[in-house]
Amino acid sequence: MSASSETDTYFSTSSLLTSEWLIVKDDADGNCALSTAATDKILGAVQDTGKGANTVVGIGSIPGKEYKVKLGGTVQSGVLLTADAASKAVATTTDGDVIFGRAREDGVVNDVIRYMCTIGRTYVA
């Protein structure tokens, strides 16, 4: 299955032109910004970077759809994903981490893999 072309759109006040496949969160103003912690209000990964600052971007955040994300470490297909400090996807088994998806293939740091969106979940051991 290929990554979905259906995305949710969010406004970003900062440029995400170099942030394709990185993870974003809902910021304090209701806009999207790069995620820097596993406990952020994660929206999903950037699929369409928009045209610079103060623009709409496409985010892979529709539950049940497949999207692409850049990895911050080694993952195996099927693991639950959260964000690291560099806005990349990492596997999680930590209580309280926000889960945005499940890996659909294996990969290592800086690989771009497919994930199945599962927005709105928190990991509980």
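The model is predicted, so local features need pLDDT of at least 70, side-chain atom pairs count only at pLDDT 80 or more, and totals for chains, interfaces and linings use all residues. Residues are numbered from 1 along each chain as its sequence is written, and side-chain values use heavy atoms, leaving out hydrogens and water.

**Nonpolar cores**
- A nonpolar core is a set of buried Ala, Val, Leu, Ile, Met, Phe, Trp, Tyr and Cys residues joined through side-chain atoms within 4.5 Å; buried means under 20% relative accessible area (1.4 Å probe, protein chains only).
- The largest such core has 17 residues, and I23, V69, L81, A89, F100 and Y115 have the most contacts inside it.
- Strands here are DSSP runs of E, at least two residues, numbered from the N terminus; β4 (42-48), β6 (66-70), β7 (80-83), β9 (98-103) and β10 (112-122) each give two or more residues to this core.
- A second, separate core of 7 residues includes L16, V24, L43 and V46.
- Beyond its neighbours within four places in sequence, A89 is in contact (heavy atoms within 4.5 Å) with residues including I23, V69, L81 and F100.

**Cysteines**
- The whole structure has 0 disulfides, a disulfide being a pair of cysteine sulfur atoms within 2.5 Å.
- C32 is buried at 1% relative accessibility, and C117 is buried at 2%.

**A buried serine**
- S19 sits in the loop between β1 (8-12) and β2 (23-26), and is buried at 4% relative accessible area.
- Leaving aside neighbours within four places in sequence, S19 touches L34, V46 and T49.

Definitions and conventions:
Buried < 20%, exposed > 50% of the residue type's maximum accessible area, 1.4 Å probe, protein only. Helix = DSSP H or I, 4+ residues; strand = E, 2+ residues; numbered from the N terminus.
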